[in-house]
Amino acid sequence: MSFDKKINFELASNSVIRGNDEDAAQLTQEALANGITAKEFLDFGLIPGMDVVGARFRDGDMFLPEVLLAARAMKAGMELLKPELSKSDIKPAGKVVIGTVAGDLHDIGKNIVIYMLEGTGFTVLDLGINVATETFISAVQQHQPHILGMSAFLTTTMPAMRQVIESLQKSNLREGVKVIVGGAPVTEHFAHEIGSDAYAEDAGTAVTICKRLARLDNS
Ligand code: B12
């Protein structure tokens, strides 16, 4: 049977919605084998599926165990996309330390940002999820990155971003590092209010902004 891009994207979205990791992996493999780029497959296959899951979860039509399965399916696809997204012959563009803030376990969006940063030549240290303020601070102290990235997906964990920025200031580290924040509930306005240098609504924008921040830092 010949490969149909539109059908592949639709089936991939559905595999995330149904939480079927085997299908998600197989459809990802098929897409890559047929010349679909990792970015295109993410944007038109996997992410739209997760958007549907988000809306259904919000409306009470889907429950936590199903969302967990959806996240597992999304990750199964992302694992296969990672090598392509992270492939880079470019010289290191800068160093980024990144993590999901304290109390927050969401990491899918952060991981996409990491893959794309690595794919454009950044060296990235991933602190993972539920990262305590002190852990962010000691990582900045120890690794002296150009950029610190923080991710939050819950309105209740967003204030942790402010805490980290305040702690950077108290520890006299704020001048030496640019801060960028993101995650579904985070806005440009919020980023500005807490004293972050930047905000990006998606991984593509994050890459563009991080390049700018790293260059400014070096100049
Ligand atoms: C998957 C998911 C989960 C999974 C997470 C699995 C995982 N490993 O990540 C599980 C099941 C664990 C989960 C748990 C919970 N969740 Co949840 N979850 C979601 C869901 C459906 C999708 C999130 C996601 O991964 N989206 C896909 C990615 C690709 O999203 P994205 O925003 O496009 O990502 C881009 C940007 O955000 C940006 N970005 C992301 N991070 C960063 C960082 C930087 C530095 C930059 C620059 C950019 C950037 O770039 C990304 C890539 O382009 C959302 C719904 C939603 N609309 O967000 C709810 C949602 C976030 N969850 C929600 C809730 C309530 C919970 C729970 C409290 C539920 C419960 N009752 O227990 C728990 C909390 C657990 C915890 N302590 O964190 C609410 C939050 C509501 C709120 N106002 O705070 C949401 C919005 C659902 C809803 N509509 O109610 N969840």
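This briefing walks through how a protein surrounds its ligand. The structure you have is a predicted model. Its ligand sits in the largest pocket, with 35 residues around it.

**The cobalt atom and H106**
- The ligand carries a cobalt atom, and its only protein donor is H106.
- Look for the NE2 atom of H106, which is 2.3 Å from the cobalt.

**Other close neighbours**
- Along with H106, the closest residues are L105, D107, S151 and T155.
- L105 uses a backbone N or O atom, 2.7 Å from an oxygen atom of the ligand.
- T155 also places a backbone N or O atom by a ligand oxygen, at 2.8 Å.

**The shell as a whole**
- Sorted by class, the shell contains 19 nonpolar, nine polar and seven charged residues.
- Domain 1 (5-85) and domain 2 (94-218) each provide at least three residues of this shell.
- Among the elements that supply at least two shell residues each are helix 3 (38-58), helix 4 (64-86), helix 5 (108-119) and helix 9 (203-218).
- Strand 3 (147-151) and strand 4 (178-182) each supply at least two shell residues as well.

Definitions and conventions
Residues are numbered from 1 along each chain as its sequence is written. This is a predicted model: local features need pLDDT of at least 70, side-chain atom pairs count only at pLDDT 80 or more; totals for chains, interfaces and linings use all residues. Side-chain values use heavy atoms; hydrogens and water are left out. A residue is near a molecule or strand if one of its heavy atoms lies within 4 Å of it. A polar contact is a pair of N or O atoms within 3.5 Å; within protein, one must be able to donate a hydrogen and the other to accept it, and residues adjacent in sequence count only if both atoms are side-chain atoms. On a 1 Å grid over the protein atoms alone, a cavity is a set of points where a 1.4 Å probe fits but cannot get out, and a pocket is an open set with protein on both sides within 12 Å along at least five of seven lines; lining residues have an atom within 4 Å of a point. A molecule sits in a cavity or pocket if more than half of its atoms lie within 2 Å of its grid points. Helices (H or I, at least four residues) and strands (E, at least two) are DSSP runs, numbered from the N terminus. Ala, Val, Leu, Ile, Met, Phe, Trp, Tyr, Cys and Pro count as nonpolar, Asp, Glu, Lys and Arg as charged, and the others, Gly among them, as polar. Domain bounds come from an automatic or database domain assignment. Donors are N, O and S atoms within 2.8 Å of the metal (3.2 Å for Na, K and Ca); water is not among the atoms, so sites may look incomplete.
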